[in-house]
Amino acid sequence: EGRTNVVLVFYPGDDTPVCTQQLCAIRDDFDSYKRANISVLGINPQSAKFHRKFIEKQNYPFELLVDADKAVCTTYGTKGSVKTIRTVYGIDKTGTIVFVERGFPTNRKILAPFKQK
């Protein structure tokens, strides 16, 4: 809080077609996130080993966090009965949630609330 904006990307699985497409879209426009002083964090319950391989394979400039016990997913309402529900949260420097959308929102939609400040 107070240092950076944050975008949390909850996604079902590493190295799956839609998840890869979503995270690569952020990677490909990562300069826009940096200009908006946003730290991007991907989150799902897969292991750190899976995350490392996925990061290396796709050259992601952001971290993927392990939520093994699904506590973070539960807190943010993204814990599905079988898999994590694809959801993006934007949180500003004050800790206020300024964006939330299920599915695969565009970078433009994710970044818009941060550009208004």
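Buried means under 20% relative accessible area, exposed over 50%, and partly exposed in between (1.4 Å probe, protein chains only). These legends describe a predicted model, in which local features need pLDDT of at least 70, side-chain atom pairs count only at pLDDT 80 or more, and totals for chains, interfaces and linings use all residues. Residues are numbered from 1 along each chain as its sequence is written, and side-chain values use heavy atoms, with hydrogens and water left out.

**View 1. The whole chain.** Five helices and five strands make up the chain. Helices (H or I, at least four residues) and strands (E, at least two) are DSSP runs, numbered from the N terminus. Their order from the N terminus is β-α-α-β-α-β-α-β-β-α. The radius of gyration is 13 Å, close to the 13 Å from the globule rule for 117 residues, so the chain is as compact as a globular protein of that length. That radius is taken over C-alpha atoms, and the rule is 2.2 Å times the number of residues to the power 0.38. The C-alpha trace spans about 35 × 30 × 25 Å along its principal axes. Of the 117 residues, 43% count as buried.

**View 2. The open sheet.** Five strands line up as E3-E2-E1-E4-E5, with mixed pairing. Strands E3 (63–66) and E5 (97–102) stand at the edges with a single partner strand each, so one side of each has no neighbour in the sheet. Neighbouring strands are turned by 20° against each other on average, direction ignored. Two strands pair if DSSP finds at least two bridges between them.

**View 3. Strands E4 and E5.** E4 (residues 87–91) and E5 run antiparallel, joined by five bridges. Tyr89 has Val100 of E5 as its bridge partner. The loop between these strands holds Gly95. Gly95 is partly exposed, at a relative accessible area of 40%. From Gly95 to Gly80 is 15 residues in sequence and 25 Å in space, C-alpha to C-alpha.

**View 4. Helices across the sheet.** Helix H1 (residues 17–28) lies across E1 (5–10), E2 (38–44), E3 and E4. H1 runs at about 160° to E1. Helix H5 (residues 107–115) lies across E1, E2, E4 and E5, at about 170° to E5. Axes are lines fitted to C-alpha atoms, for helices over the stretch in contact (heavy atoms within 4.5 Å). Angles run from 0 to 180 degrees between N-to-C directions.
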